[in-house]
Amino acid sequence: MNQPDNTNQATLHPLGKTLRQLIASCPFDALAVLLRLHDDLSLAQYKEAYDILLNMEPSGNGCRDVKVVMTDWNDGEGPRLNAWNVEGIEWMNIIDGQVMLADDVDAPEIEIAHRLMWHLTFFGYCPEQTCLFPKEYGDTPYGKEARRIELHRYMLYANKPIRRRIIKSIAEMKKHGFNDFALSEDDWRYIHKRESHCNRSKRKRNYRLEQRIHRLSSLDHCETTVCQLLDGQTASTATTRHNLDFLFHTDERAGREMQSRTFGKRDRTEYILELINKYGALGGMPENRHIAMRIATSHDCPLTDNEREQICFTVGKVCNTAAITLCIAEDNNLGCEMSLLVVTNK
């Protein structure tokens, strides 16, 4: 990856606005024109991030400043705007910090806000983001078996000292809640070298193990998704695991998760429908498929029949669904908001 040159050495001066004030001065639809240039997140996710940033409480310990500078990434495109020290930072720690600009930054505020939004969402568009299809294995029986087979595969090519280091690393990682292990670059190089020089019989064995791991990983992700769909289900729907068996019919699935961010200022159903219809929250979902859908609200603000009908109708129309399996759930962490999870096969 190309790195910027002399990023921290620029002379800075205040823009005269905090991060919150800068974002508030730029209507989201104006930002959307620039945000469309990046396809890593949908506009619906950026819309949620925009509303979270405008309404969140700052850290009680104060907020630090954010920096916008011109950097040259040595990619032939020349210097361009770069928001510094914001990626991976908890938003509450910078939301009311001053926006500091390098002396050579000469760009409209809308471009500065756009660049900050892109960097702020680089590691996830909101604090509550749930990964529908994680790369790591879960705690399902499928995930545990996939992890065991993968470990066995590496052990086959490790010598005794490396095996001891793997076992030690696994024990250390478990203390911190991770089901993984870490090795030095030299250890990995040794393992991969032995693997690449194995004979035909061992290559066939590797292929079988890889296929087994791939299938178990797919089943693990599917099992995790089924648990998410059924989590907190109320008595108003009687969806069972049997109703969701269609999700296991292929190795790949498509899913979208969204949540209203009204903060009591708007109708929550209107917000969800806007994410779908205006900002393409379900863009790219396969059409004419059986879809599983989970609508969650809190106990104090339950889902109404009218809300359910509007959402089911809109999702069915946008995705041109063949059938919908609906789960209505209760999640008291939502307060007055609503969350929607839509999953189908690819």
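Author: Helix axes here are lines fitted to C-alpha atoms over the stretch in contact, and angles run from 0 to 180 degrees between N-to-C directions. Bear in mind that this is a predicted model: local features need pLDDT of at least 70, side-chain atom pairs count only at pLDDT 80 or more, and totals for chains, interfaces and linings use all residues. Numbering starts from 1 along each chain as its sequence is written, and side-chain values use heavy atoms, with hydrogens and water left out.

H4 spans residues 109–120, and its axis lies 11 Å from that of H3, at an angle of about 100°. That makes the pair roughly perpendicular (65 to 115 degrees; over 145 is roughly antiparallel). On the H3 side, Tyr46, Ala49, Tyr50 and Leu53 meet Met117, Trp118 and Leu120 of H4 (contact means heavy atoms within 4.5 Å). By class, that's 7 nonpolar residues, no polar and no charged (Ala, Val, Leu, Ile, Met, Phe, Trp, Tyr, Cys and Pro are nonpolar; Asp, Glu, Lys and Arg charged; the others, Gly among them, polar).

Now for H5 (residues 141–157) and H8 (residues 200–230): their axes sit 8 Å apart, at about 155°. So H5 runs roughly antiparallel to H8. H5 brings residues including Tyr142, Ile149 and Arg153, while those from H8 include Leu209, Ile213 and Glu223. This contact has 9 nonpolar, 3 polar and 9 charged residues.

Note on methods:
Helices (H or I, at least four residues) and strands (E, at least two) are DSSP runs, numbered from the N terminus. Angles under 35 degrees count as roughly parallel, over 145 as roughly antiparallel, 65 to 115 as roughly perpendicular and the rest as oblique.
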